[in-house]
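Hi everyone, thanks for making time for this. Have a look at it first.

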Amino acid sequence: MLFGYIGNLALFLSLIFNVFLIFSSIKTIKNNNHINLKKINFLNNSVFYLLLISFLILIYCFTTSDFSNVAVYKNSHTEKPLIYKISGAWGNHEGSMVLFILILSFFSFIFFRSKVSEQLRFYTIFFQAILISIFLIFLILTSNPFDQIDPKPLQGLGLNPILQDPLLAIHPPFLYFGYVGFSLVFSFTLAGLVTNSFDKSWSQYANFWIILPWSLLTIGIGLGSFWAYYELGWGGYWFWDPVENASLMPWLSATALIHSNIVTLKKDKLHSWTALLAIFTFIMSLLGTFLVRSGILNSVHAFANDPYRGVYILSMILLITFFSLAIFIIKNPKKTLNQEHFFLQKDNFILLNNYFLIFFLSVVLVGTVYPIILDAVSGRSISVGPVYYHTILAPFLFIFLFFMSHGPLLSWNKQDKFLQLKNIKIFLPISVVTSLIIIFWFFDQKDITLILGLLLSIYLIISVIFDLISQKALKLNFGRLTSHLGFGILIFSIFINAYLSKEINTSMKVGDEIKIEEFTIKFSSINKNKKDNYEEVFGNFLVSNKDEKVELSPSIRKYNQPAQITSEVSIKSNFIADYYFAINLSEFEKDKIMVRFYFKPLMFWIWFSILLIALGGFYQSLRFKNEPKI
Amino acid sequence: MILSKSTKIRLRFFSIIFTIVSIIIFFVYDNLQKNIVYFYSPEDLKNLSVTPTNKIRLGGLVKQNSLKANANSYVFIITDFKNEIFVEYNGLLPNLFAEGKSAVAEGVLRDKKYFVASSILAKHDENYMPREISNTLKKNELKK
Amino acid sequence: MNQKYKIVILGATTVIIFILFLKAINTDKVYQPNQMVNKKIPEIILEDFNNKNSKIDQNIFSQKDFVLINIWASWCVPCLIEHPFLMSLKNKNKIDIIGINYKDENTNAQNFLKKYGNPYSRIGVDKKGEVTIQLGAYGVPETYVLKKGLIIFKHIGPINEDIVNKILELKK
């Protein structure tokens, strides 16, 4: 109870400090005073520490099951294991907004410690403080995590077993660090624009603040996808679900930003495009937050207590969008370029990469937002099937892969045609032969999409390996090479996985043995296990094909509080394929169990390649951090 | 009309860009239209003059005591409290599927009263009801 | 293009997007509360709060001349705000109020009533929040005014001075 008040007080105080920071900054700007960084630093730190305190108190309320707190009451339960009590703190709307704001402030906090010029630092903190205030007001007005209930209830409501999962506990913080991390680049961009210092040195510093959140977001998306893969029990890892798309859009935009910023850094051009992308990336993050948090995709009852919440988030986001773009229009950084220009030059390829990424982004955006708008305008409820994404993205992805293989090999300054032809002569035969071998060895169907997908992803992998071997400045390019290699492996694995996956659905009795295609499935035994809050039924299966024999024990859990059944999949994974097994209870045939078996090739490599992409990013961001100023 | 050389080049450049962009936009639009899955409630289907032949989604509550298991498929009734439609599905019913709860089925209509589902969507937790369903349900209850 | 024009275009686009999304947010609220007004109360069956084995159905509402239905929960903060009004409606104005306890734990709810007083003549339990959907309710708190089984007024959110006056006027 007492702690709740302290937490609430800390939230209010942080808002007051923050508003104070904004007003004193405005005063400084208006009167053209000398910038007092000490004062700013003090206020900025205070805001961060206060928010940290209120977040820790929220976690404390969750761990001690203080049900006088509404958020705890609704989302926790005394019987929850400790780790889920803690993760419960950010697993709900209120708590996740606190985390959101804490991360905003965290980035502001560490940014102050960077070596950026005083003026830029001052303005960046200023813009960041405005963002923090907007979200703090939203939090306090519409979703205060410290609302009290009196008398204190004896038991909490929330014990949803589906949400009790270690991955679900850690994946939102990663996503949030990614999403919210882009706020810093956003503020930094606005700072660069208003002070007319959007130049090479801006780019130099921005690099770290772009690539770090990008890497975290990559991990976050990967974890989310991994969770869907083993928790939902459908054998799939990406459903083009609006919530997933919401995280993919800022990723695509940020990927474009990373590349255009390199051009700004190396050639001192594309300023205005880079600035626009930086603003746009954060807007995409906000759009994601809006879609997930406004209830626009969700049920009515989840947000029934507050119909204003969605409207507030919407107005907030559009205000931010409008003012940031207005600043961009007024202060558009124009630089005249009088450098020699060649067509086959690295920057043109990077620009091309940007066009493609923006196109991919638009496709995802249309697929995500169109149903919402159509529903609003005409009242028709629709959903966009995955085929839409696949058919549109695939052909462009092929061209994208081809350019991605050659672009990085070009030089920054001179026409490089000759070298290119030489490269094609090496890459093409190797990739054609490799992909033909794979296709004739493993596939019955000769689908053109499959052939192109394999061919071009192998093409990319080979070009990266070639680049790696002939690299003179390995340290400089190591991050890029790792990420690109990861991307090549990812596309390759996705294609193999899509075309070679197998699914078996049937019902079985203990002792049954069935043969479907090349798989033999034997249902050997069944055993039960009683835990504190659930009862678990395991089915033991033996799956074999010509070169593998695996034992799998999927289970069904019956929870009593609340009464719910979940099925726990059993996955045996190796470098070649995953054997994925799930069971359901059949209500009608008491002695039989419904079984679902999936054969999913190269799943390991999908996760591994996502990790590679992120690791490349981490490497690069650390390197930029250590690199001395140009 | 006489055009200078640079204008000509620019004109050609823009017409090429314009053509490419239009083709791409058409491609995207066409694909979007082809892959839209419309959502219907039992009542929507009743009011339609033409029975849709392509893939649709049907949503509502699974009627109490309507679920029956045949040799290799399930049959149950999806209702919005006013109209009912038989749904046949041969696959595994998801864990969250239950009588008296909401469900969304994706598939094709055999006729106006009979729906053959290729998948049952139940990616939601105990408190979640797909928005489309809660809308139709509420509408019908209010009309009563 | 002139900067001014660009900003105007930007502003216009923002407003259009705002309106579109606002409409989208509000689509699920197409069924405005007053749509339920002037309808007979639908068939509902609720478990009795004090006795698990007995049931409450819509008939007890239809039998009464003037009755309030109030949906509440012990965990709902706004319910606490409206509680004094409910108490005064019961004690001062002698109005019959029937409560529906929404998605709540029985012991928590009992404590709540012990501490703040019980304004309800009877209480039905809607543990899963399914019955209140049938009433067209969005959540807690919500209040319905019924005259002989006919819903004549509905209020979403905590009631206040104005609503109390309105209710008293309706009673006349």
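**Chain C and its sheet**

Let me begin with one pair: Glu142(C) has Ile156(C) as its bridge partner in S7(C). What you see is a predicted model, where local features need pLDDT of at least 70, side-chain atom pairs count only at pLDDT 80 or more, and totals for chains, interfaces and linings use all residues. As for labels, residues are numbered from 1 along each chain as its sequence is written, while chains are lettered from A and ligands numbered from 1 in the order in which they are written.

Now, the strands around that pair. S6(C) and S7(C) run antiparallel, with six bridges between them; strands count as paired if DSSP finds at least two bridges between them. Their hairpin has two residues between the strands, and Lys148(C) there takes a positive phi near 50°. S6(C) also pairs with S3(C), again in the antiparallel sense over six bridges, and within S6(C) the partner of Val67(C) is Leu146(C). Is S6(C) mostly covered or mostly open? Mostly covered: five of its six residues are buried, meaning that 20 or more other C-beta atoms, placed from the backbone, lie within 10 Å of the residue's own.

Let's zoom out. Chain C has six helices and seven strands, taken as DSSP runs (helices H or I, at least four residues; strands E, at least two) and numbered from the N terminus. Of the 172 residues in chain C, 38% count as buried. For contacts (C-beta atoms, placed from the backbone, within 7 Å), take those in chain C between residues at least 6 apart in sequence: 73% of them join residues at least 24 apart.

And the sheet as a whole? In chain C, seven strands form an open sheet with mixed pairing, in the order S2-S1-S5-S4-S3-S6-S7. Strand S2 (55-57) and strand S7 (150-156) of chain C are at the edges with a single partner strand each, so one side of each has no neighbour in the sheet. On average, neighbouring strands of this sheet are turned by 30° against each other, direction ignored.

For a parallel case, strand S4 (residues 96-102) and strand S5 (residues 122-126) of chain C pair over five bridges, and Tyr102(C) has Asp126(C) as its partner in S5(C).

Last, helix H6 (residues 161-171) of chain C packs on the sheet, touching S3, S6 and S7 of chain C. Its direction makes about 175° with that of S7(C), where axes are lines fitted to C-alpha atoms, for helices over the stretch in contact, and angles run from 0 to 180 degrees between N-to-C directions.

Technical notes: A residue is buried if 20 or more other C-beta atoms lie within 10 Å of its own, exposed if 12 or fewer, and partly exposed in between; C-beta atoms are placed from the backbone. Two residues are in contact if their C-beta atoms, placed from the backbone, lie within 7 Å.
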